Amino acid sequence: MRGIRVLSAVAACAVLANTLLACAQEPERSVSKPSSAAPSTSSPAPKPKPTTPAFDRAAHSIDDPQSIWVVSNKRRALKPVDFAPSDLAMPEGVENEFAQPLRAPAAAAVVQLIRGAEQAGLKVRIISAYRDYATQVTLYDRYVERDGKQQADTYSARPGHSEHQTGLAVDLDDFGDCYLAACFGQTPAGAWIAAHAAEYGFVIRYPEGKQGVTGFMPEPWHLRYVGPELAAEMKRTGVTTLEEFFGLPAAPDYATP
Ligand SMILES: [Zn+2]
């Protein structure tokens, strides 16, 4: 059984249908009427400026593999394909099934997320985090040998295309029966994660109903660190995929069969 777990743990790994409402706020408008003493010739008052600056979609690169906003999918290989992050760190004080590290900001954030879940009475652990290029080569080749390329592509990312290789993706579990399974989204832990991930800078990378965009079935256990600013903006706008947020082409499959 362990073998099956390990195999499934390397699925390319993304929940719940987006329940967020885009609650665009009406900018405050000045409703003060011109004073009766002021004739109609008076110039109108300047419009009030929005209180929050517009979100800067170019604040970080989506191409640089070192960027916390890098977009990696079946149509966007990491460049270079054997990229390895330089700031890997072990998340401290949390259960981590295979003792895999994450990039430092993601490691710190996932520790906070797991503590937040704990405070809500939910036990959450890490089951997969950073995997290097060589590991992905070995795994992918093994799957191709076993199931054929077409089948392997449905559950395992090709080397250089796995978000886990960025050190920004982490798979979580609640020690329950929905280990790397779609039903994780319906567990209390899965639901809590869907509701609160953004507060810690994570998004559910492969949401329900977006397979044609992301190329992957829903993976409610697979979180991607993008930082709290982008996570909050995606939540605010109700845009659930990085591809759609950044106006990138859908990546339902690899360009080469
Ligand atoms: Zn994953």
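How many bridges join strand β4 to β6, and which way do the two run? I opened the notebook with that one, and I found three bridges between β4 (residues 169-173) and β6, running antiparallel.

**Ground rules.** I am working with a predicted model, where local features need pLDDT of at least 70 and side-chain atom pairs count only at pLDDT 80 or more, while totals for chains, interfaces and linings use all residues. Residues are numbered from 1 along each chain as its sequence is written.

**Overview.** I counted eight helices and six strands in the chain. From the N terminus on, I read the elements as α-β-β-α-β-α-α-β-α-β-α-β-α-α. I call a residue buried if 20 or more other C-beta atoms lie within 10 Å of its own, exposed if 12 or fewer, and partly exposed in between, with C-beta atoms placed from the backbone. On that scale, buried residues make up 38% of the 257 residues in the chain.

**The sheet.** I next looked up the strand order, and four strands form an open sheet, β3-β4-β6-β5, with antiparallel pairing. Two strands pair here if DSSP finds at least two bridges between them. The edge strands are β3 and β5, each pairing on one side only. I got an average twist of 45 degrees from one strand to the next; axes for this are lines fitted to C-alpha atoms (for helices over the stretch in contact), and angles run from 0 to 180 degrees between N-to-C directions.

**Strand β6.** Are the faces of β6 (residues 222-225) buried or exposed? I found both covered: His222 and Arg224 on one side, Leu223 and Tyr225 on the other, are all buried. Strand β5 (residues 202-204) also joins β6 through three bridges, again antiparallel. Going residue by residue, I see Val170 opposite Leu223, Ile204 opposite Leu223, and Phe202 opposite Tyr225.

**The core.** I then traced the largest nonpolar core, which has 43 residues; those with the most contacts inside it are Val110, Val170, Ala197 and Phe202. Such a core is a set of buried Ala, Val, Leu, Ile, Met, Phe, Trp, Tyr and Cys residues joined through C-beta atoms within 7 Å. The elements that each supply at least two residues of this core include β3 (125-128), α7 (228-237) and α8 (242-245). Its largest share, seven residues, comes from α2. For contacts I take two residues whose C-beta atoms, placed from the backbone, lie within 7 Å. Not counting residues up to four places away in sequence, Val110 touches Pro91, Leu102, Ile126 and Val170.

**Helix α3.** I checked the length of α3 (residues 133-147): at 1.5 Å a residue its 15 residues should span 21 Å, and the end C-alpha atoms are 21 Å apart, which agrees. The expected span is 1.5 Å times one less than the number of residues. Which residues of α3 are buried? I noted Gln136, Leu139, Tyr140 and Tyr143. They cover an arc of only 95 degrees around the axis, so they sit on the same side of α3; the arc is that of the directions from the helix axis to the C-beta atoms. On the other side, Ala134 and Glu145 are exposed. What covers the buried residues includes α4 (149-155). Just after α3, Gly148 takes a positive phi of about 90 degrees.

**Helix α5.** In α5 (residues 188-196) I found Ala189, Gly190, Ile193 and Ala194 buried. Their arc is only 135 degrees around the axis, which puts them on the same side of α5. They pack against α2 (104-119), β4 and β5.

I spotted a cis peptide bond from Lys79 to Pro80, with omega near 0 degrees; Pro80 lies in the loop between α1 (2-9) and β1 (88-89). In the loop between β4 and α5 I looked at Phe175 and Leu180. Phi is near 65 degrees at Phe175, a positive value in a residue other than glycine. Leu180 also has a positive phi, near 50 degrees. Phe175 counts as partly exposed because it has 13 C-beta neighbours inside 10 Å, whereas Leu180 is buried, with 23 other C-beta atoms within 10 Å.
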